[in-house]
Amino acid sequence: PAIEYYRRALELHPKDVNVRTDLGTAYWYSGSPEKAIAEYKQSLAVDPGHSQTLFNMGVVYNEGLKDQAAAVAAWEKLLKLHPDYPGRERIQGMIQELKKRNS
C-alpha cells in the first residue's frame, strides 16, 4: 500500500525528491531493487546531491544488485558533496571493505 501512496503524492508533486526516494525505498523493501534504482535516479535528476538518495542508492546497488563499484561511486559522491554527513566514518568503512573485497 505504501507504494500507491507515494505514487499518488508524486502525481501531485513529481519533483519531490524525498517522496521519490521513499518510493524507491518501498520498492527495495518489496523486493524490486531495479525499480528502487530507477526512482533514485529520477530523484538525483532533480537534486544531484540529495544525501539520502545517494546513501540508499549505495545500499541497493551493494545489497540488491551486487554492484559494488556502483555502490562505492554513490557513497563516494555522497561523502564528497556532504563532508559533514552523519555516519561518515561508517560509510568510509563500507567503502574500504568493498574496495578490499574487489581488489
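Student: In which helix is Pro33 found?

Tutor: This is a predicted model, and local features are taken only at pLDDT of at least 70. Pro33 is found in helix H3.

Student: Is Pro33 buried or exposed?

Tutor: The cut-off for buried is under 20% relative accessible area. Pro33 has a relative accessibility of 11%, so Pro33 counts as buried.

Student: Which residues does Pro33 touch, not counting residues up to four places away in sequence?

Tutor: Contact here means heavy atoms within 4.5 Å. With residues up to four places away in sequence not counted, Pro33 touches Trp28, Val60, Gly64 and Leu65.

Student: How far apart in space are Pro33 and Glu63, C-alpha to C-alpha?

Tutor: In sequence, Pro33 and Glu63 are 30 residues apart. In space, their C-alpha to C-alpha distance is 9.0 Å.

Student: Where is Asn56, and is Asn56 buried or exposed?

Tutor: Asn56 has its place in helix H4, residues 51-64. Its relative accessible area is 12%, and the cut-off is under 20%, so Asn56 is buried.

Student: Which residues of the largest nonpolar core touch the most other members?

Tutor: The largest nonpolar core has 28 residues. Those touching the most other members are Phe55, Met57, Trp75, Leu78 and Ile91.

Student: Which helix supplies the largest share of this core?

Tutor: At least two core residues come from each of H1 (2-12), H2 (17-29), H3 (33-46), H4, H5 (68-81) and H6 (88-101). The largest share is 7 residues, and the helix that supplies it is H5.

Student: Which residues is Trp75 in contact with, leaving aside its neighbours within four places in sequence?

Tutor: Trp75 is among the core residues that touch the most other members. Beyond four places in sequence, Trp75 is in contact with Leu54, Phe55, Gly58, Val59, Asn62, Ile91, Met94, Ile95 and Leu98.

Student: How are H1 and H2 oriented, roughly parallel or roughly antiparallel?

Tutor: H1 and H2 pack with axes 9 Å apart, at an angle of about 155 degrees. Angles over 145 degrees count as roughly antiparallel. H1 and H2 are therefore roughly antiparallel.

Student: How many nonpolar, polar and charged residues does the contact of H1 with H2 have?

Tutor: H1 contributes Ile3, Tyr6, Arg7, Ala9 and Leu10, and H2 contributes Val19, Arg20, Asp22, Leu23, Ala26 and Tyr27. By class, the contact has 8 nonpolar, no polar and 3 charged residues.

Notes. Residues numbered from 1 in each chain as written. Predicted model: local features only at pLDDT ≥ 70, side-chain atom pairs only at ≥ 80, totals over all residues. Heavy atoms only, no water. Helix = DSSP H or I, 4+ residues; strand = E, 2+ residues; numbered from the N terminus. Buried < 20%, exposed > 50% of the residue type's maximum accessible area, 1.4 Å probe, protein only. Core = buried A, V, L, I, M, F, W, Y, C linked by side-chain atoms within 4.5 Å. Axes fitted to C-alpha atoms, helices over the stretch in contact; angles between N-to-C directions. Parallel < 35°, antiparallel > 145°, perpendicular 65-115°, else oblique. Nonpolar A, V, L, I, M, F, W, Y, C, P; charged D, E, K, R; others polar.
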